[in-house]
Amino acid sequence: MEAGAGQPERFSHSFAVCAYGDSPYLEDCLRSLRRQTLSSELLICTSTPSDHIALLAEKYAARLCVRDGVPGIGADWNFAFSRASGMFVTLAHQDDVYGRHYTERLRAAAERWEDLALFTTQSATLRNGKIQRAGAPELVKLLLRMPLRLEGLADRTALKRLVLRLGNPVICPSCAYRKSLCGAAPFSERHKFILDWEFLYELAARGGRWICEERPLLLYRVHADAATAVCIGDHVREQEEAEMFRRLWPAAVADGILHYYRRSYEAYTK
């Protein structure tokens, strides 16, 4: 929405759900988005259209957007991003469940910080229908995000990039991006796993403030068919993380970091 002359842009938000195949979890995701205490534009974006997706779009009054072409994570995310009209856009993952106060907390952050560029939250892990107690990977991510608690300094490029130098602790589906800062196609279409980490590193230099709500406003579902597990199984995650770390560090340091990262992969495949 364009603001009038001399008037601030009004807050608006879009959930763009990226849907693939006939996921048994998609309805849980959509239900959680419709149960928000503050309503948002709701889209379902897919390159694999089906009756299942179409029926759920109708049931939850979501705008259905179909992308022609070969499915691909980066291309699908860019398509979903382009179709959303909100000032802030959350690319919702079809497997996940959102806490009902997510949009309310996003709006509170946007009202407090006029330069808000990124809103993100903590998550809890959902496995086999049960919420898991936080383990070492979650605690490490919490530690890496600690610089963002310095909210008054969270507009500094150096601080934002510090959060990302030892990995990406920012929970991808929890992110609401300020669309005007992101460009037409923010995500790499060459990568399958690090595309959000890579983009965040670029976004850090574009101005604006990053705010992290350290409460679990997202249930991150772990299962064998999830994209993270698939990327670990075919070694895409390992290869792409190695590429990213070697951009950020000398090769010897990057290899040392990766040695410890490989131990965490088991948490997503058990």
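1. Helix α1 crosses helix α2 in a right-handed sense, that is, with the near helix turned clockwise from the far one by less than a right angle. The model is predicted: local features need pLDDT of at least 70 and side-chain atom pairs pLDDT 80 or more, while totals for chains, interfaces and linings use all residues. Residues are numbered from 1 along each chain as its sequence is written, and side-chain values use heavy atoms, without hydrogens and water.

2. The axes of α1 (residues 26-34) and α2 (residues 51-59) come within 11 Å and cross at roughly 15°; α1 is therefore roughly parallel to α2 (angles under 35 degrees). Axes are lines fitted to C-alpha atoms over the stretch in contact, with angles from 0 to 180 degrees between N-to-C directions. Helices are DSSP runs (H or I, at least four residues), numbered from the N terminus.

3. Leu26, Glu27 and Leu30 of α1 meet Ile53, Leu56 and Lys59 of α2, contact being heavy atoms within 4.5 Å. By class, this contact of α1 with α2 has four nonpolar, no polar and two charged residues (Ala, Val, Leu, Ile, Met, Phe, Trp, Tyr, Cys and Pro are nonpolar; Asp, Glu, Lys and Arg charged; the others, Gly among them, polar).

4. The axes of α7 (residues 195-203) and α9 (residues 236-248) come within 10 Å and cross at roughly 20°, which means that α7 is roughly parallel to α9. The crossing of α7 and α9 is left-handed (anticlockwise). Trp197, Glu198 and Tyr201 of α7 make contact with Glu241, Met244, Phe245, Arg247 and Leu248 of α9; five nonpolar, no polar and three charged residues take part.

Terms used
Helix = DSSP H or I, 4+ residues; strand = E, 2+ residues; numbered from the N terminus. Parallel < 35°, antiparallel > 145°, perpendicular 65-115°, else oblique.
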